[in-house]
Amino acid sequence: MIAQNFRHALFCAFITLVISYPILGLNLEAQGISIKLTGAETQTYVGIALAVLIVFLFQLFRPAILGGLGRVKALNPLVDRQPMPQEKRIRFERVALVLIVLGAMFWPFIASRGAVDLATLVLIYIILGLGLNVVVGLAGLLDLGYVAFYAVGAYTFGLLSQYYGFSFWMSLPIGAVLAAAFGFVLGFPVLRLRGDYLAIVTLGFGEIIRILLNNLTDLTNGPDGIGGIPDPTLFGMEFGRRVKVEGNTSFHEVFNIPYDSTHKVIFLYLITLILAVFTLFIIRRLIRMPVGRSWEALREDEIAARSLGLSRTAVKLSAFTIGAFFAGFAGTIFASKQGFISPESFVFLESAIVLAIVVLGGMGSQLGVILAAIAVTILPELAREFSEYRMLVFGAAMVLMMVWRPQGLLPMTRVHINLKKQEAGVTDHA
Amino acid sequence: MHDVMYFLQQLINGLTVGSAYALIAIGYTMVYGIIGMINFAHGEIYMIGAYVSLIVITGLAVTSPAWIPLVLLVALICAIIVSSSMGWAVERIAYRPVRGQHRLIPLISAIGMSIFLQNYVHLAQGSRNIGFPLLIEGGISLGGGEDGTFQANLSYMQLTIFIVTLICMTGLSLFISRSKTGRACRAVSQDLKMSSLLGIDTNRIITATFVIGASLAAVAGLLLGMYYGSIDPLFGFIAGLKAFTAAVLGGIGSIPGAMLGGLVLGVAESFTSGYLSSEYKDVVSFGLLILILLFRPTGLLGKPEVEKI
């Protein structure tokens, strides 16, 4: 036992050395056209040696360490906790959502301008997360090109405003509907396929959209992007210092208050908040409607659902289209917030981040998605001094989360009725 | 004459890149065939292979041409060792603990691993792209070139890619069809549970699959890195996507399918950049994927899947 452990530990330590030394310890440096190999600093070597030692010791005493950790109750508070009773859980979720919305309403009046701006971004990710949650969490369709629909929404607004002078409010429904139309057209042929193919096709579609935006230079201005996208207006009142569009009035002149640039930020935040609450509400209703139930039915058991008369294509297509619709929504807001869009903003990493939000939150759970969106957006901002390591940590966190808590922070449970007495032994996992 | 030569050149370029895609695609297809997951980090392993081989080539700093084959061999071996260790570690850390869960979970773990490895290399080696010296120079003229017509060339680098790929593919085919581990691999990909009942150590076979895939990806990393002439930490991602597309194109789970898919994809890309515009080559390859999936969902050589109730 010990001898075998020792050999395994030695092997693991050796592998650690092999995968860390050449990449970390030897650095390539370009000097003009030639390249030079330089050694790293001493602390890197110390770090590698430490890592090798830790891996060796951990693997050597692995049974003892894991056994010991498992017995410490304080480390694992969930170990013998009963799941919350259903009524309590529903009430908890409702109260938490109301509290979050109330807190969000007062946020701009207590926080700084930067914090409000960041909160707007969080809300955009919440809309995206809630939308993708329909596709991935509820319908179980793996969409790796979600950012494409986001891009469609953003570019619809950008192009319409540039060529035809459309305002935010006119573009918002158009962008969302157009994104939904893209989702419909893509989903129609593809959703007949098996799940993994859907993943790769959507990924390819996301890349195609980005490449097209990059190369249709005449229309989209290519990598340089589209600038000067207007801000939203409030009943024809603009928030800039001077009125840009003829016929509009200016907010600070109408109310006769001094001009303040934070008005615009707060206004945009409030609009995003309203749209996020709208998204939350619509999807919450949809989940309880027959269509929402059929999404989950198809996810749980496709064959059973089909034999009960559900049309596979129609149900999947509805989820896919609705998801795309809300991505288009978020895209329009994003374009308005940034005032400038370019294909750079719509890379695969964005899709991965939104997917991570859905998965970290607990697939299907709306409260979980909201909390995860807040965490994923804010934590990197707090750890700015480690910004170099941001994506490294992000990737590692995704892996660790899947290994330790794959069901997410707040897994979703269907509202269900417990049958009485005679079926007391049957636990319902729906 | 001009058109024929131009066509020939595009065909050669396409087959060159395509055979390297095929090498990477095998890693995807073997893993998918056995445990049914998309190994998203595979493109990063290929990128690490390219980096390690460049590090070794730079470190040896050989100038005399006589030593070049030896240098390449050493670089290849080092790249294979590091990449396959990486493949082993990735499987152990990120995939084995989540095996058998809902199929989204290994996939997300894989995406996380891919992001992690990209940034690992990015932090250690910098984000700028680094030039990869072309150690195999020269080529053979295939005709044309008189009176300003187009001259088709087969460079020795391209020839090397063909030969190395051929050797790897032959070796792999022999390994899969003849060796005991290869037979076990085939058994596991047909039915994992049954083969574990029959006494095959499935964990060992799955690890072996990852290691084989990673080694082939390291070979492709050295070849394509040198062929393209520069590498950066992001260059594994798009190549990984392409290779996965190639694997799906050929019929995922099938090794000959991956080879065929790689070649088809490489040629399609090369003709797009030769006759249309190089910006649209990715659009064409993903478009091709969508079309193939529509009309032949199992890929070119894949077996149709029977749904059992």
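Start with helix H11 of chain A, residues 262-288. It has 27 residues and reaches 39 Å from first C-alpha to last, close to the 39 Å expected at 1.5 Å a residue. The expected span is 1.5 Å times one less than the number of residues. Helices are DSSP runs of H or I, at least four residues; strands are runs of E, at least two; both are numbered from the N terminus.

This is a predicted model: local features need pLDDT of at least 70, side-chain atom pairs count only at pLDDT 80 or more, and totals for chains, interfaces and linings use all residues. Residues are numbered from 1 along each chain as its sequence is written, with chains lettered from A and ligands numbered from 1 in the order written.

Which residues of H11(A) are buried? Among them are Val265(A), Leu268(A), Tyr269(A), Leu275(A) and Ile287(A). Buried means 20 or more other C-beta atoms within 10 Å of the residue's own, with C-beta atoms placed from the backbone. The buried residues of H11(A) pack against H4, H5, H12, H14 and H16 of chain A.

Now chain A as a whole. It has 17 helices and 4 strands. Of its 430 residues, 40% are buried. A contact means C-beta atoms, placed from the backbone, within 7 Å. Of the contacts with a separation of 6 or more, 74% join residues 24 or more positions apart.

Next, chain B. The contact takes 54 residues from chain B and 44 residues from chain A. On the chain B side, H4(B) gives the largest share, 16 residues.

Definitions and conventions
Contact = placed C-beta atoms within 7 Å. Buried ≥ 20, exposed ≤ 12 C-beta atoms within 10 Å, placed from the backbone.
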